[in-house]
Structures are given as C-alpha cells and as structure tokens.
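Please look first at the chain as a whole, and then follow its elements from one end to the other. The paragraphs below are meant to be read with the model open alongside.

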Amino acid sequence: MAIDSVQWSAYRIPTDRPEADGTLTWDSTTLVAVSVRDGGVTGLGWTYAAAAAASLGAEELSPILLDADPATTPRLNEAMVRACRNLGRPGLAAAAISAADIALWDLRSRQLDLPLVDLFGRYRDDVPIYGSGGFTTYDDATTTEQLDKWVNEWDIPRVKIKIGESWGGQTKRDLARIDLARRVIGDAELYVDANGAYGRKQARRLAAEMVDRADVRWFEEPVSSDDLEGLADVRASSTLDVAAGEYGYTLGYFARMVGAGSVDCVQADVTRCGGFTVWRRVADVVDAHHLQISGHCAPNLHAHVAASVPNLRHVEYFHDHHRIETAFFEGALSPQGGALVPDRGRSGHGMSLDEASLAAHRVG
Ligand SMILES: [Mg+2]
C-alpha cells in the first residue's frame with residue numbers, strides 16, 4: 001500500500017448574510033480540502049482556513065505523504081509536524097496538517113471498509129450537539145428565526161449566541177439579546193460566546209447578570225483565551241461553565257490550559273489541533289483532569305471521533321459549517337433529537353465533495 005496522489009484545493013464560500021461576533025467580522029468562509037489516493041481508494045480531509053493553507057500543504061506536506069503507507073498515520077502526523085518547524089506550526093501549518101491527518105484516517109478506514117467510528121472504537125452511538133450562531137449582526141427577527149428552528153423544529157435542547165459586540169462596547173445590547181434568546185428557547189440550555197471581547201472585571205459582572213436574568217450555563221471565551229489567569233478568574237467567581245480552546249494548534253496548548261485551571265470544558269477543533277490523531281490525545285489529557293471535551297465547529301468531521309471518547313460533552317453545530325457541509329458535500333448528517341448519529345453504513349467519515357456545486361467558488 002502506498003499513497004500515489006495528494007491533491008489540495010481551496011474554495012471561498014460567501015455567508016448567507018453579514019456575520020460578526022464580539023471581535024471579528026466576516027462575509028465568507030474558505031474551505032481547504034485535500035484528497036489522498038491509494039490505488040482506487042480516496043480519503044478526504046478539510047479545514048476552514050485561508051487558501052494559503054492549500055499551497056502550504058502542497059509544498060511542504062505532499063512530499064511526506066506521497067509513497068507513504070496510509071496505515072501509518074500517527075507517524076506521518078509527526079513527520080508533518082517536524083517538517084513545519086521553521087514555518088511556525090500554529091495557524092496555517094497546523095490547519096493543513098489537520099486536513100491531511102483527517103484524509104489519511106478517512107483513506108485507511110475506507111480501505112478497511114469501516115466507518116471511522118468503528119476504526120477508532122465506539123463509546124457512544126450518538127453525539128449531542130448544540131446549535132451555534134446568533135451573530136451580533138443579526139436583527140431580532142433573524143435571531144428569533146434561527147433559535148426557533150434549532151430548538152422547536154430540530155429538537156436541539158441547547159443553543160449558543162455570540163455576545164461581546166464591538167469588543168465589549170455594547171453590553172446593553174448583549175444583555176437584551178440574551179433576554180430575547182431566553183424568551184425564544186423556553187427551557188432549553190442557553191450558552192454565550194464572547195470571543196475574548198471582555199476585560200476580566202467586565203466579564204465577571206456580566207457573568208453574574210446573565211446567570212440571574214437568563215440562567216446562562218456556558219460562557220465561552222469571556223476574556224481572551226490567551227489570558228489563562230483571566231479565564232480561571234471568571235471560572236472561580238461564577239457558577240457558569242467557562243469554555244475555550246478553539247485556537248489550540250498543539251497538544252501542549254491544551255495541557256497548559258487545563259493545568260492552569262482555566263476552563264470547565266475544553267473545546268478542541270479537529271481541523272486545527274492536528275486532526276483526529278491529536279484530538280483524541282487532547283481528550284485523554286482533558287480526561288486526566290476530570291474534564292470534558294467539546295468538538296469545535298465542523299460538525300460532520302467531529303461526529304465519528306467524538307463518538308469514540310468517554311468524556312465528550314457535545315459538538316458545536318455551527319451555522320456556517322452546517323450550511324457548507326450540507327450544500328457542498330454528499331453525506332452530511334442531519335440532527336436527530338439533539339444529536340448527530342454517525343452513519344455506520346458508510347466507510348470513513350462518509351462525506352465527499354460535491355465538485356460541481358463547488359467549482360464556481362474555487363480559489364486555489
Ligand atoms: Mg467560540
């Protein structure tokens with residue numbers, strides 16, 4: 001067995017309306033995909049990054065993968081990491097490594113004709129999700145429509161909205177939107193994500209306020225995720241669960257975060273942290289601290305690996321990625337009773353690109 005082809009591609013896909021969180025505004029999402037072939041079998045991986053990740057992958061990672069044995073993914077993952085030493089591993093390099101790692105696991109499980117979850121070993125049959133969107137750019141009608149769809153149409157019992165608008169400069173509107181969300185979702189669990197917009201004391205004041213008025217249960221990145229002490233401070237002063245980890249590109253990042261007592265739940269992203277290989281190790285590191293892990297975004301990529309670990313909390317069913325994975329892929333999972341159920345009738349992660357619908361969006 002040897003890999004005989006590695007193909008990278010990038011697609012920029014406009015959002016359905018203008019989007020922003022507390023600290024960033026965007027109008028498109030770039031999908032970077034890699035296909036790894038061995039004879040007649042192809043594995044597919046992807047990440048959400050910049051098109052430059054595809055060039056980086058083609059230049060630095062493809063030579064490592066060509067002619068390699070697809071049954072040696074842990075070794076190939078390490079070889080890719082070592083090759084990126086002088087490039088700076090966090091960011092684009094880690095995103096490209098993650099996509100390649102995912103493609104390798106997908107290829108191997110398709111060769112064995114197994115669903116990925118059975119290759120990893122199944123802990124659970126379905127994976128709880130939470131609806132994620134509620135952008136700060138939405139008006140009340142749009143927020144209401146989205147939350148109502150998740151909770152009342154799709155039976156998802158937990159949802160998250162973005163707060164921290166304008167770097168924490170619009171706290172009255174943040175609280176009004178939290179009140180609106182509570183009215184729309186009834187008894188469902190309410191989460192908020194500030195994307196690091198607030199200062200420490202501001203975050204503590206808001207945490208107390210949102211617990212009192214709307215029973216908010218999850219406060220994601222109340223302060224910058226680089227401020228491990230600040231996260232720990234908010235965590236210690238509130239009954240809310242504090243969560244962070246989406247910018248983790250190495251295993252050591254997560255070890256430092258849990259070692260500092262910064263979070264109640266670690267969010268790791270298979271498309272950034274080093275693929276399935278590293279995500280599973282993050283779950284173990286977190287478990288050793290008696291904490292849970294949540295899969296950040298890319299719900300169809302997290303479904304199988306999330307079903308393989310005992311300390312899973314849930315997977316983030318992010319609006320942008322749900323939309324892309326449903327519109328431009330074949331095989332996307334639909335929520336069932338607040339969960340994703342990995343399709344064990346298909347091998348690998350069960351997803352393939354719809355090249356025809358993506359062609360118009362190709363940028364690399
Ligand atoms: Mg977040």
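Two residues are said to be in contact if their C-beta atoms, placed from the backbone, lie within 7 Å. Helices (H or I, at least four residues) and strands (E, at least two) are DSSP runs, numbered from the N terminus. The model is predicted, and local features need pLDDT of at least 70, while side-chain atom pairs count only at pLDDT 80 or more and totals for chains, interfaces and linings use all residues. Residues are numbered from 1 along each chain as its sequence is written.

In this model the secondary structure of the chain amounts to 14 helices and 14 strands. The C-alpha trace spans about 60 × 40 × 35 Å along its principal axes. The radius of gyration, taken over C-alpha atoms, can be set against a globule rule of 2.2 Å times the number of residues to the power 0.38; for 364 residues a compact globule would have a value near 21 Å, and the 20 Å of the chain agrees with this. A residue counts as buried if 20 or more other C-beta atoms lie within 10 Å of its own, as exposed if 12 or fewer do, and as partly exposed in between, with C-beta atoms placed from the backbone. On this scale 51% of the 364 residues are buried. Among the contacts with a separation of 6 or more, 70% are between residues 24 or more positions apart.

Domain bounds come from an automatic or database domain assignment, which here gives domain 1 (5–113) and domain 2 (118–352). Their centres, taken over C-alpha atoms, are separated by 22 Å, and 37 residues of domain 1 are in contact with 36 residues of domain 2. On the side of domain 1 that touches domain 2, the elements giving two or more residues are strand 1, strand 2, strand 3, helix 2 (73–83) and helix 3 (89–111), and helix 3 gives the most, with 15 residues. By class, that side of domain 1 has 17 nonpolar, 11 polar and 9 charged residues, where Ala, Val, Leu, Ile, Met, Phe, Trp, Tyr, Cys and Pro count as nonpolar, Asp, Glu, Lys and Arg as charged, and the others, Gly among them, as polar.

Two strands pair if DSSP finds at least two bridges between them. By this criterion 3 strands form an open sheet in the order 1-2-3, with antiparallel pairing; strand 1 (5–20) and strand 3 (41–48) are the edge strands, each pairing on one side only. Axes are lines fitted to C-alpha atoms, for helices over the stretch in contact, and angles run from 0 to 180 degrees between N-to-C directions; with direction ignored, neighbouring strands of this sheet are turned by 20 degrees against each other on average. Strand 1 is joined to strand 2 (residues 25–38) by 12 bridges, and alanine 10 stands opposite valine 32 in strand 2. Helix 1 (residues 52–65) lies across strand 1, strand 2 and strand 3, and runs at about 155 degrees to strand 1.

Strand 4 (residues 127–133) runs parallel to strand 11 and is joined to it by 4 bridges, with tyrosine 130 opposite glutamate 316. Strand 10 (residues 292–295) also pairs with strand 11 in the parallel sense, over 3 bridges, and glycine 295 has valine 315 as its bridge partner there.

Two backbone details remain. Most residues other than glycine have a negative phi. Tryptophan 167, however, has a positive phi of about 55 degrees; it lies in helix 6 (residues 165–168) and is partly exposed, with 14 other C-beta atoms within 10 Å. Glutamate 221 likewise has a positive phi, near 40 degrees, and is found in the loop between strand 7 (216–220) and helix 9 (228–236), where glutamate 221 counts as buried with 29 C-beta neighbours inside 10 Å.
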